[in-house]
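Subject: Handover of a structure and its findings

Dear colleague,

Please find the structure below, followed by an account of what was found in it. I would be grateful if you could read the account with the structure open beside you.

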Amino acid sequence: MLFQHVAIAGLAHIDAPRRLGTDEINARLKPTLDRLGIKVDVLQDIAGIHARRLWDEGVQASDAATLAGVKALADAGIDPNKVGLLVNTSVSRDYLEPSTASIVSGNLGLPDTCQNFDVANACLAFLNGMDIAGRMIERGEIDYALVVDGETADLAYEKTIERITRADATEEDFKREMATLTLGSGAAAMVLARAELAPGAPRYKGGVTRAATEWNKLCRGNLDGMITDTRMLLVEGIKLAQKTFEVARVKLGWVASEMDEFVVHQVSKVHTAAFTKAMGIDPRKVLTIFGEHGNIGPASVPIVLSKLREMGRLKKGNRIALLGIGSGLNCSMAEVVW
């Protein structure tokens, strides 16, 4: 769906405070690597991930999402009582129930008129949340929506390293679980508003989505780890992205050379290189953060957008492509005009 009346009134990100270097992880894995005869530094040399961020002990997904929400509301300069919708899009969650959204809503003191719920769609959920909010604003149901995401990878790291370093861990176990060690922690939030209430604010134009759900078995994750067929996930993910990009050419009028920035879901060096090549994207238009922050799941797209603004790279009138792929497989591409 394409929107005529949706603006981005506020945007924020928060980097988790603790840096965990890949060298530290490799040191813990060394006995297993030596036993299995694995000499390649998969995380740094292939994935290109030299570090990732983790929260301090005890920080939950709702805590991280709340911090980002407070910052985004302040950036928008609006009273929380005006928010008509809160969508939490985190893969990480405090509990199976209640929803993480309800906890964030309570933390923020949002009104009883504010709908709140979680949207789960792997790494694509934040873009899905923007789309849901945009539809409600476009139809005049609400004036403001808050989309939040807080990712916590701490438990997954500890449990994955524990499994990989067991005496009976095999090379196949290592390969299937390695993608978990590319994950990072962080938080992001965005306030979407009826455009006339935020004059001069960037416009969210909407986007397109395509699915290839026959590949839903390529990545299966729980809170304490993730099993991934990284090769096939890359191959089929790129195919789906190419298909979605072609739809974006038609529906959104995209020409790669005419777009000013590409905000790409951050997975790894291999993924980003393959993605930009397949889509014919100038790598200079792609800000990468995976090297120091890892794969922060659905938070990665809004975090990169927020960092671009922070760096002063977004100029009035710039056309910005948001591109995300979630295991499942699903792909969404959307446009923001700054």
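Lysine 239 is partly exposed, at a relative accessible area of 47%; here buried means under 20% relative accessible area, exposed means over 50%, and partly exposed lies in between (1.4 Å probe, protein chains only). The model is a predicted one, in which local features need pLDDT of at least 70 and side-chain atom pairs count only at pLDDT 80 or more, while totals for chains, interfaces and linings use all residues. Residues are numbered from 1 along each chain as its sequence is written, and side-chain values use heavy atoms, with hydrogens and water left out.

Salt bridges

With which residue does the side chain of lysine 239 meet in a salt bridge? The partner is glutamate 236, at 3.3 Å from N to O; a salt bridge is a side-chain nitrogen of Lys or Arg within 4 Å of a carboxyl oxygen of Asp or Glu. Glutamate 236 is buried, at 9% relative accessibility. Helices (H or I, at least four residues) and strands (E, at least two) are DSSP runs, numbered from the N terminus.

Side chains of opposite charge can pair when their charged atoms come close. By the rule above, the count is 19 salt bridges. Another of them joins glutamate 171 and lysine 175, at 3.8 Å from N to O. These residues are four apart in helix H7 (residues 171-177), so about one helical turn separates them. Glutamate 171 is partly exposed at 38% relative accessibility, and lysine 175 is partly exposed at 48%.

Glutamate 141 forms a salt bridge with arginine 139, and their closest N and O atoms are 2.7 Å apart. Glutamate 141 is partly exposed, at 46%, whereas arginine 139 is exposed, at 52%.

A nonpolar patch

Val40, Ile46 and Val270 make a nonpolar surface patch of about 220 Å². Patches are made of residues with over 30% relative accessible area and no salt bridge; like charges are joined within 9 Å, and nonpolar side chains (Val, Leu, Ile, Met, Phe, Trp, Tyr) within 5 Å. Accessible areas come from the Shrake-Rupley method with a 1.4 Å probe, and for residues only the protein chains shown count as cover. Valine 40 lies in the loop between helix H1 (22-36) and helix H2 (42-46), and is partly exposed with a relative accessible area of 47%.

Cysteines

A disulfide is a covalent bond between the sulfur atoms of two cysteines. How many disulfides does a search of the whole structure find? The search finds zero, where a disulfide is a pair of cysteine sulfur atoms within 2.5 Å. For cysteine 331, the closest cysteine sulfur is that of cysteine 123, 12 Å away and too far for a bond. Cysteine 331 is buried at 1% relative accessibility, and cysteine 114 is buried at 5%.

The protein as a whole

The secondary structure comes to eleven helices and 13 strands. Of the 338 residues, 56% count as buried. The C-alpha trace spans about 65 × 45 × 35 Å along its principal axes. The accessible surface is about 14200 Å², and 52% of this belongs to carbon and sulfur atoms.

Yours sincerely
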